[in-house]
Amino acid sequence: MSSPRQSEVDVLIIGAGPAGLMCTNALANAGVNVRIVDKRSSQVTAGQADGISPRTTEVLQSYGLAERLLQEGCQVHMAAFYDPSPEGGIRLSSRAPDITAPSARYPFELALHQGGIESIFLDSMKSHGVEVERSTMPIHIELSTDEAELADPTSHPVKVTLECLEEPDGEPHEEIVHAKFVLGADGAHSWVRKTFDITMDGEQTDFIWGVVDMVPDTDFPDIRKKSLIHSNNGSCLLVPREDERIRIYMQLADKDVLNPATGRVDKTKMGAKQLLEVAQMSLSPYSLNPTDGINWWTLYIIGQRVASKFSVKDRVFIAGDACHTHSPKAGQGMNASMNDAHNLAWKLALVIRGWAEMSLLPTYESERRKYAQDLIAFDKTFSTLFSGKPVTANNTDGVSHQQFLKAFQTFGGFSSGIGVHYGPSVAVTDAHQGLATNLIIGERVPPQKFVRGADAWPYELQDLLPSDFRYKLLVFTGDLGDALQQERIESLVKDLQRPESFLMKYASNKSSKSRFDIITISKGKKEEFDFLKVPSVLRSHWSKVLIDDTDVTGSVGGRGYSYYGIADEGAIVVVRPDGYVGTIAPLDGAAEIDEYFARFMKI
């Protein structure tokens, strides 16, 4: 037998679920040499995860992928809450907006089966010449112990042996891949995590869930809303889906599902028929029947756990279910996974391009592990309320509707993904928050429409912050008609043009556009504003000079300075490639921005 083929790659991704595909697509966009393998012979076609949070939709929009998602997905705007009725069965207690985060650009959840979401990534990847290598799995992984090699970002210290399960005749059965970095996005039973002896910490208690997808025939009035149902027969979560479908999640009792001899899930004890019966009992007195059978169903055991670490020597990383697991009630599984990948991808891309030091990479674990721990804490609280027995005449200590609704609304910022906050690190410097009180350092830039100075076209600021692996500098100049502000801006321009300034120091091929994009936002009236009076260094393109005014109808835009909490003297807001605020400085604080980038950026 011939020796295995050997190859080199910048990043090898193991697992083609949402986290793996998100990261592969992002890195392919960045021009990184990336490969992705998956042991399955084909992609998911039905079932699996299906909920997209408002923040995840914003992230997909930053990659140019949200339009198709919005076309194919089902928008979920309202939630309905049901509790036990004194007459038996359930009754409506209240309805409320499904999304309560006030700054959500997309104030709704999107429901689309995982296969549909994965297809959006697969098609985008294909346009960059990258496809999933299926029926391929790792069988051995080895990480160099040479500290000098590990510290050299151009080295390939990870050796992975891949086995192709369906190799064409004449091709080697195995391949040895030498990678700069490896990402294990291989699910809750992650081979990568287990191989490196990374433990999953947290509750040892597992919960058993049943899930069914169907097109319903029902008289339940809130079938097209997210419905959170507390009944004396158990609790369930109903979510409307694309193509007239619905999904029902049910938490199940161990005795109904487990084989007492083995302690494992026994699908002969609880199948599609029995799950439908559980749902029917929970919805009583309303009827529920599938019009064309059960489209998809599953049982799964889930615990609330977080991996002890998310990386090994900042060369091997894990993301998604490989590093955090929790109940489906939080609706965060796929969202957390894709946002792990979004956080990691730009950092890997900058290091591989030679733009950033290796010291940037530990922020993946510090930021996303803290988020995962917060997610588990949220899930525990929400799960306890959701699964708890409801208040009734015979159970006065149960969970009241008021308690449950309050928790649902209180956690809205978290469950929507909008309120994710990253603490201080080399990528987040907490300074001058008072200059822009609502552009929170460590949080994503909220949406706001401004008017372009050149053509008075109202434009969403988030759309000028694409995931293109560049840092964005939002320069809020104040009113350029004011003499003092004009002086401040002239002084800023001189500071930025110093040879030692970050803009000049890190210029790639003598063009600062490669690493930085400047967006200038001024105060003024569209009828009077001359965008050419903005100094050329602050005018990277005519479309990136904005004014805080309404459009010609007077109905869109305006009050952006007020919304972001920016005073008349202006500010500079540094936005990371993932859309999160990295730091803030006054207009005379260019030296502080120099210091921010000097912590991790390479010349």
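Is Glu203 buried, exposed or partly exposed? Glu203 is partly exposed, with a relative accessible area of 34%, where buried means under 20%, exposed over 50% and partly exposed in between (1.4 Å probe, protein chains only). The model is predicted: local features need pLDDT of at least 70, side-chain atom pairs count only at pLDDT 80 or more, and totals for chains, interfaces and linings use all residues. Residues are numbered from 1 along each chain as its sequence is written, and side-chain values use heavy atoms, with hydrogens and water left out.

**Surroundings of Glu203**

- Glu203 lies in the loop that joins β12 (200-202) to β13; strands are DSSP runs of E with at least two residues and helices are runs of H or I with at least four, numbered from the N terminus.
- Apart from neighbours within four places in sequence, Glu203 is in contact with Gln304, Arg305 and Lys380 (contact means heavy atoms within 4.5 Å).
- A separation of 47 Å lies between the C-alpha atoms of Glu203 and Gly589, which are 386 residues apart along the chain.

**Helix α8**

- Twelve residues form helix α8 (residues 272-283), which reaches 17 Å from its first C-alpha to its last, close to the 16 Å expected at 1.5 Å a residue; the expected span is 1.5 Å times one less than the number of residues.
- Its buried residues are Ala272, Leu275, Leu276, Val278, Ala279, Ser282 and Leu283.
- These residues cover an arc of only 155 degrees around the axis, which puts them on the same side of α8; the arc is that of the directions from the helix axis to the C-beta atoms.
- The cover over the buried residues of α8 includes β6 (90-97), β13 (207-218), β14 (226-231), β15 (234-240), β16 (246-252) and β17 (288-302).

**A three-stranded sheet**

- Three strands in the order β3-β7-β4 make an open sheet with antiparallel pairing (two strands pair if DSSP finds at least two bridges between them).
- β3 (51-52) and β4 (74-76) stand at the edges with a single partner strand each, so one side of each is left without a neighbour in the sheet.
- Three bridges link β4 and strand β7 (residues 109-111) in the antiparallel sense, and Cys74 stands opposite Ala111 in β7.

**Cavities**

- The structure holds three cavities of 30 Å³ or more; a cavity is a set of points, on a 1 Å grid over the protein atoms alone, where a 1.4 Å probe fits but cannot get out.
- The second largest cavity contains about 130 Å³ of space, a volume being the space filled by probe spheres set on the points, with grid points joined across faces, edges and corners.
- Its lining comprises 15 residues, of which Arg55, Ser62, Gln462, Leu465 and Gly579 lie nearest its centre; lining residues have an atom within 4 Å of a point.
- Helix α2 (residues 54-62) gives the most to this lining, with five residues.

Technical notes. 1 Å grid on protein atoms, 1.4 Å probe; cavity = no way out; pocket = protein on both sides within 12 Å on 5 of 7 lines; lining within 4 Å.
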